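User: I would like to learn how to read the packing of helices in a model. Could you take me through it step by step?

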Amino acid sequence: MSQVQEFEKALANSETSVAAFDEHGTSLVKRIQHFLHSTPAAVPLIVLVLSIAVFGVTIGGRFFSSYTLTLILQQIAIVGILGAAQTLVILTAGIDLSIGVIMVISAVIMGNCAVTYGLPTLLAVVIGLAAGGACGLLNGLLVAYMKLPPFIVTLGTWNIVMATNFIYSANETIRDADVDVQAPLLHLFGLNFKVGTAVLTFGVIAMVVLVLFLWYVLNHTAWGRHVYAVGDDPEAAKLSGIQTKKVLISVYALAGLIAAFAAWVSIGRNGSISPSAAVTDYNLQAITATVIGGISLFGGRGSILGTLFGAMIVGVVSMGLNMLGADPQWKVLLTGVLIIGAVAIDQWIRKVSV
């Protein structure tokens, strides 16, 4: 008998079972980790449901009224839209500190074009959207081609855009009444309608539709998969044929465009157009909603639906504490706890091997 035959005979009688590790006692934890890893929007959704339940029990039926719940949605519409823009950037392992001021300068441009210069309102909106997209495009070019850190780039453009906003507008507010008379289309997203006893604004509908659209794009298009790939490992994405620079530029440009759209919604929400709104912490609120929503700051993981849930969590906590008559600082404290908790959970989930 040849050596080959002897080897095959010995191999036929050898053990064929695959080595396995006993996960007794930890299997449930591992399953939870895998579930949360594959369903990133689950954690913020669970926190949202628990928050509603806690305030519902504490406050009573008033909290569950259609007026209260729809008011929460109205209050988070702007932050939810900005959060969607911020989500796109953070998914690429970047960050955009200029989102808030891009929104404000876009609103100022829309208002001045329509009210001060007398241009058709629709044209004024298009110019404002173009301005926001141009600001985002500048961020993308600096990040992609100059290879500058997104934090530094957007910190710089935040200062540039804010200063430009005040210089261009001379810090003059465009009054609500003037917008109503000369450019009522700018107030479109402030209009409301009833669904049963609930009162919704077009701004709320715009937020929900935008998030659902971006969810579809991120999960069912090649561009969306490229965004996740660039955030997860840019070098591997580049080696696989993805044009990482074009993806980064498109993400930042789209974020700027969405911020400009948020400007249109904000005009409907606020009525007047104030350049001084640039000092409001819209950007911090958007980042807060994104982080609480489970979007990983390390990039490549998270669901934009989680950002919507994150914005709703902040809205529920704020409304609940207001109805309880609590000190406003409790909202700040709880928000900080939620942010740290969200990052800690993200770190724990990332440890799972897939």
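Analyst: Let us begin with a term: two residues are in contact when they have heavy atoms within 4.5 Å of each other. What you see is a predicted model, and among contacts in its chain between residues at least 6 apart in sequence, 77% join residues at least 24 apart.

User: What are the overall contents of the chain, and what box do its C-alpha atoms fill?

Analyst: The chain has 15 helices and two strands, and its C-alpha atoms fill a box of roughly 100 × 55 × 35 Å, taken along the principal axes. Of the 354 residues in the chain, buried residues make up 47%.

User: Where does UniProt place the feature "transmembrane region"?

Analyst: The UniProt record, an unreviewed entry, places that feature at seven stretches: residues 41-64, 76-109, 121-144, 195-218, 247-267, 305-324 and 330-349. Over residues 121-144 the model is 100% helix and 0% strand, with the end C-alpha atoms 34 Å apart, and over residues 247-267 it is likewise 100% helix and 0% strand, with the end C-alpha atoms 31 Å apart.

User: How should I read the packing of one helix against another?

Analyst: Two packed helices are described by the angle between their axes and by the distance between those axes. Take helix 6 (residues 121-144) and helix 12 (residues 244-270), whose axes come within 7 Å and cross at roughly 150°. Because angles over 145 degrees count as roughly antiparallel, helix 6 is roughly antiparallel to helix 12, and the crossing of the two is right-handed.

User: Which residues make the contact of helix 6 with helix 12, and how do they divide by type?

Analyst: Helix 6 contributes residues including Gly128, Gly132, Gly133, Gly136 and Gly140, while helix 12 contributes, among them, Lys245, Tyr252, Gly256, Phe261 and Trp264. The residues of this contact divide into 14 nonpolar, seven polar and one charged.

User: At what angle do the axes of helix 3 and helix 14 cross?

Analyst: The axes of helix 3 (residues 42-59) and helix 14 (residues 304-324) come within 9 Å and cross at roughly 15°. That angle makes helix 3 roughly parallel to helix 14, and helix 3 passes helix 14 in a left-handed crossing. Residues including Pro44, Leu48, Ile52 and Phe55 in helix 3 take part in the contact with helix 14, where Phe309, Ile313, Val317 and Leu321 are among the residues met. The residues of the contact of helix 3 with helix 14 divide into 15 nonpolar, four polar and no charged.

How values were computed
Residues are numbered from 1 along each chain as its sequence is written. This is a predicted model: local features need pLDDT of at least 70, side-chain atom pairs count only at pLDDT 80 or more; totals for chains, interfaces and linings use all residues. Side-chain values use heavy atoms; hydrogens and water are left out. Axes are lines fitted to C-alpha atoms, for helices over the stretch in contact, and angles run from 0 to 180 degrees between N-to-C directions. Helices (H or I, at least four residues) and strands (E, at least two) are DSSP runs, numbered from the N terminus. Angles under 35 degrees count as roughly parallel, over 145 as roughly antiparallel, 65 to 115 as roughly perpendicular and the rest as oblique. A crossing is left-handed if the near helix is turned anticlockwise from the far one by less than a right angle, and right-handed if clockwise. Ala, Val, Leu, Ile, Met, Phe, Trp, Tyr, Cys and Pro count as nonpolar, Asp, Glu, Lys and Arg as charged, and the others, Gly among them, as polar. UniProt positions are given in the numbering used here, feature names are shortened, and annotations may be inferred rather than shown by experiment. Buried means under 20% relative accessible area, exposed over 50%, partly exposed in between (1.4 Å probe, protein chains only).
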